[in-house]
Amino acid sequence: MNTGDRVRVRRDGTTHEGVLLPSAEPDHLVVKLDSGYNVGVDRDAADVEVLERDVYDVESEPEEEAASEVEFDDDLPTIALISTGGTIASTVDYRTGAVTAQFDAEDVLRAVPDLAGRANYRGRVVANILSENMEPPIWRELAEAVHEEIENGADGVVVMHGTDTMQYSASVLSFVLDTPVPIVFTGSQRSADRPSSDNVMNAVCSVEAAKADTAEVMVCMHASESDDKCALHRGTRVRKNHTSRRDAFETVGAEPLGYVDYDEASEDATADSRGVEFTGEYDERGETDLDIDADLDSDVELVKFTPGMDPAFFEACEGKSGVVIEGTGLGHVHTEFIDTIEELVEDGTTVVMTSQCLEGRVCDRVYDTGRDLLDAGVVEGEDMLPGTAKVKLMWALANTENAAETMRTPLAGEITERSVPWE
């Protein structure tokens, strides 16, 4: 048997079928299953049957592909595809069994052929990282790349991003950029080699959203576990609420800006946006002049208060430019921490209070603890999500004269309007 053969492997009463892959360990066989997962089996203990030879041509080194070109159609809009990493445009490398991506416009069209005919594409790599490795310097590079693409005539931007920190990056661009066109973040929860992958639908719906009559920073991901529609979440109100479901993202404290019907979007690839319906208020395309303020003060921490936590967590924030606290309920911490927080404020640290609750608004005027926190100089974060509050504070400290006042002021839909039952 050789790598690239389709095999049936039996061991201890368990049978696996798939493609034999190269193994870094000579004592183990590695098989890529039809589900897309890899399984390792002890070679000596396994009974292997070759079902089909040379299913995949697995070379020791990848062959260089001839350069390809994407034809430009004057009748189609231009969409900039910007990659920071993630799996949405990835394919399987059968040399290693891993998911890999060489990212340019041609690669994306090879990975997602359904995008052809919808737009002209420009591919650009800002980073190729796991999203948990995202950092403020890369946010700045991303913002500058998006700004440059729009300045050079892009009619919309799709940012392909790992899902774990997508909500932070979408929030950053919401504050850093004033945009006249849509900026749509998307990714995939399931890798491209899995039958349940969400990469094609998310990519198609994101391109249609990037062609739509809006100028919002949005996250476009599955609205349900079915392949029926994607939700368009405002970049400052979105949160990843599940580790692995395809509909992991939700708009918190509001409704999504709209949806993209996948069946309608898939009917025909045209220059016009298809399947996009907005259900709430949104900024319209072309109403805002392009501008960028990409400076960020990275000396900001997000601290989650929990019962019994070590006071050293707050003491370690001494000298920080800003601290966002994820407090309990209406925005509380243990009363013993209030003096330490007051010292932070007196030393020049801007301290903002948010809540661990998924819904609702911070109000430190109800209980004594809250009033003491206000007296200590803590800024109420209204109903901002803690992660959004962190990146907004990073931006406010670097770009405004009064960060505390800026944190109380709605800028990009991050603070919802208060509900008033009557006047």
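**Acidic residues and their partners**

D310, E315, E318, D339, E343, E346 and D347 cluster on the surface as a patch of negative charge. To join such a patch, a residue needs over 30% relative accessible area and no salt bridge, and like charges are joined within 9 Å. Asp and Glu count as negative here, with the charge placed at CG of Asp or CD of Glu. Areas come from the Shrake-Rupley method with a 1.4 Å probe, and only the protein chains shown count as cover.

A quick word on the source: this is a predicted model, in which local features need pLDDT of at least 70 and side-chain atom pairs count only at pLDDT 80 or more, while totals for chains, interfaces and linings use all residues. Residues are numbered from 1 along each chain as its sequence is written, and side-chain values use heavy atoms, with hydrogens and water left out.

Back to the patch: helix 7 (residues 338-346) supplies its largest share, three residues. Helices are DSSP runs of H or I with at least four residues, strands are E runs of at least two, and both are numbered from the N terminus. E315 sits in helix 6 (residues 312-315) and is partly exposed, at 45% relative accessible area; buried means under 20%, exposed over 50%, and partly exposed in between.

Next come the salt bridges, each a side-chain nitrogen of Lys or Arg within 4 Å of a carboxyl oxygen of Asp or Glu. The count comes to 26 salt bridges. In one of them, E49 pairs with R8, with the closest N and O atoms 3.0 Å apart. This pair links distant parts of the chain, since E49 is in strand 5 (residues 47-52) and R8 in strand 1, 41 residues apart. R8 and E49 also belong to a salt-bridge network with R10 and E17.

D383 and R361 form another bridge, at 3.9 Å from N to O. D383 is in the loop between strand 23 and helix 9, and R361 in the loop between strand 22 (350-355) and helix 8 (368-375), so the pair ties together parts 22 residues apart in sequence. Both D383 and R361 are buried.

Strand 23 itself holds E380, which is buried at 8% relative accessibility. The E380 side chain makes a polar contact of 2.3 Å with that of R365, and reaches the backbone nitrogen of D364 at 2.8 Å. A polar contact is a pair of N or O atoms within 3.5 Å; within protein, one must be able to donate a hydrogen and the other to accept it, and residues adjacent in sequence count only if both atoms are side-chain atoms.

Technical notes
Patches are made of residues with over 30% relative accessible area and no salt bridge: like charges are joined within 9 Å, nonpolar side chains (Val, Leu, Ile, Met, Phe, Trp, Tyr) within 5 Å. Buried means under 20% relative accessible area, exposed over 50%, partly exposed in between (1.4 Å probe, protein chains only).
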